[in-house]
Structure formats: structure tokens, C-alpha cells
Amino acid sequence: MLRLLVLAALVLCGHCSVQYIEDVQDNSRVVGGSDAAPNAWPWQISLQYESAGNWYHTCGGSLIRANRVLTAAHCVDRDVNFRVSLGDHNLSVNEGTEQIIAVSSIRKHANWNPNNVAVGFDIAILFLASSASLNSFVKLASLPADGAVLAHNHPCIISGWGRTSTGGPLPATLQQAPLPVVAHSTCSGFLYWGSTVKTTHVCAGGNGVQAGCNGDSGGPLNCEVNGVYQVHGIASFVSGLGCNAYLKPTVFTRVSAYISWINEVSSH
């Protein structure tokens with residue numbers, strides 16, 4: 001989800017607010033994106049919650065072990081039943097490639113503060129009730145090296161079922177869009193996000209066209225390194241001015257800042 005959160009006037013980027021990129025009861029998509037090819041991002045999952053006997057997409061995530069999923073902490077702050085759909089492409093159609101697995105437990109970072117997303121630590125690991133069967137439609141994500149930081153303008157791709165625009169249409173097909181990295185030195189500048197973004201974030205996009213939006217939270221920022229796509233970011237928030245506000249790149253939790261935490265939690 002990317003919901004609205006008004007920040008104090010002291011924030012260096014001026015009259016800023018941020019918006020989580022989860023969503024409730026919609027199958028939405030990336031702003032300025034296009035339909036992903038089936039099986040293009042086989043580690044991408046749809047995180048779904050139960051309400052009145054029905055299941056609804058709320059966030060994305062990445063399969064990092066056969067029974068572990070990496071997502072955003074704010075996606076799982078609610079006390080509801082969760083499940084994940086793996087190998088999915090069109091959420092409104094049973095394509096025969098899906099694996100539906102219940103979430104048995106959740107570990108959020110101990111420093112996560114649901115009242116202040118800008119602090120960071122927007123990261124969680126979902127423990128699945130059973131292991132996924134790995135195949136051409138369901139694969140494990142590759143994670144970056146501990147501490148790795150990508151250069152300014154490094155090409156990356158966001159994938160997810162987030163809205164096509166702020167308040168826009170809600171198609172069910174997995175979307176993707178190019179979002180090049182914006183270096184922290186740039187993203188933390190006055191014209192961008194200012195002090196709202198931390199070194200444990202990674203910014204991507206900001207051209208006013210492509211962006212993450214409601215429904216994309218927790219999903220991956222896929223960046224090719226040495227011929228392999230790695231998940232360098234977990235979608236966290238966008239500007240309250242609009243999902244694709246100019247010079248307000250989509251902000252992701254930087255995965256490489258949490259490698260030791262991910263390994264420790266995942267092994268339990």
C-alpha cells in the first residue's frame with residue numbers, strides 16, 4: 001500500500017507528504033507501465049488478505065526461500081489472515097500456474113515504526129505454511145551483496161499490481177515499468193525528497209511518468225547486475241502529491257542494507 005502520511009513542515013523538501021503503496025480490495029498496477037510477460041518475474045508474489053470470506057490483493061513481495069517471502073512491514077500491520085499467490089499473472093483468472101500458500105507467521109523489523117515510514121526499516125519476512133514448488137513460474141529472487149549501492153541512473157524495473165495512476169484504473173495483469181536509480185545524494189536534495197529519504201532507502205524514477213502506486217508496496221525493484229536480476233528494493237512510499245509526482249522518485253527499502261537481518265530471520 002502507499003497510503004497518505006503528512007510529514008512535518010521541517011522536512012527539507014517543503015510541503016511534502018508520503019503515501020504508502022499498498023492497496024485494499026483492488027487489483028491495481030504500476031503507473032506508466034505495461035503488461036509484463038507471463039513468467040517475467042517469477043519471484044513476484046501477490047500478498048492477499050481475507051475479508052468476509054473473500055481474498056483481496058493488497059501488496060507485492062519477493063520469494064527469497066521456498067517458504068519465505070520478503071515484503072514491506074507496513075503491508076502486514078493489520079491483524080488479518082494473509083496468504084500469498086505465487087506464479088500469478090492475471091489475478092482475475094486461474095491460469096493453472098498459481099500456488100496459493102497461507103502465511104503462518106510474520107517477522108517485522110524491530111525498529112519499524114508504523115507512525116513514521118520515513119525512519120526506514122520498512123521490511124518484513126513472511127513465513128509460509130508450506131514450501132513452494134519451484135519451477136519456471138515460481139523461482140527464488142536473487143538478492144544483492146551486503147551493502148551494495150547502485151550508481152545513479154542504473155537501470156531497474158518495478159513490477160507489481162499497483163494503480164496505473166493516482167486513483168486510476170485497476171487491471172489485474174502484472175505490470176512493469178523502467179525506474180532508473182536516483183543516487184541518494186540527488187534524492188536527498190532539496191528539490192527531491194530532502195531529509196525524508198535515508199541511506200537505507202533507494203530512490204528510483206521521478207520523471208513524472210513511471211512510478212509505483214497503490215498496490216505495489218512490498219514488491220521488488222528488479223535491477224540487472226552482471227546479467228542477473230537482483231531485488232535491490234522493497235517498494236515503500238511515494239509522494240502524497242501523486243504516485244508519479246515529478247522529482248519525487250518512488251522510495252524503496254534498500255535490500256542490501258538488511259542482508260544480515262534477512263539471513264538471520266529467514267534461517268529461524
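With which side chain does the side chain of Gln210 make a polar contact? The partner is the side chain of Asn207, at 2.8 Å, where a polar contact is a pair of N or O atoms within 3.5 Å, one able to donate a hydrogen and the other to accept it, with residues adjacent in sequence counting only if both atoms are side-chain atoms. The model is predicted, so local features need pLDDT of at least 70 and side-chain atom pairs pLDDT 80 or more, while totals for chains, interfaces and linings use all residues. Residues are numbered from 1 along each chain as its sequence is written, and side-chain values use heavy atoms, without hydrogens or water.

Gln210 lies in the loop between strand S13 (201-204) and strand S14 (220-225), strands being DSSP runs of E with at least two residues and helices runs of H or I with at least four, numbered from the N terminus. Gln210 is buried, with a relative accessible area of 16%, because buried means under 20%, exposed over 50% and partly exposed in between, with a 1.4 Å probe and protein chains only.

Elsewhere, six strands form a closed barrel in the order S4-S5-S6-S9-S8-S7, with antiparallel pairing; two strands pair if DSSP finds at least two bridges between them. Strand S4 (residues 44-51) and strand S7 (residues 82-86) are joined by five bridges, and Ile45 stands opposite Leu86 in S7.
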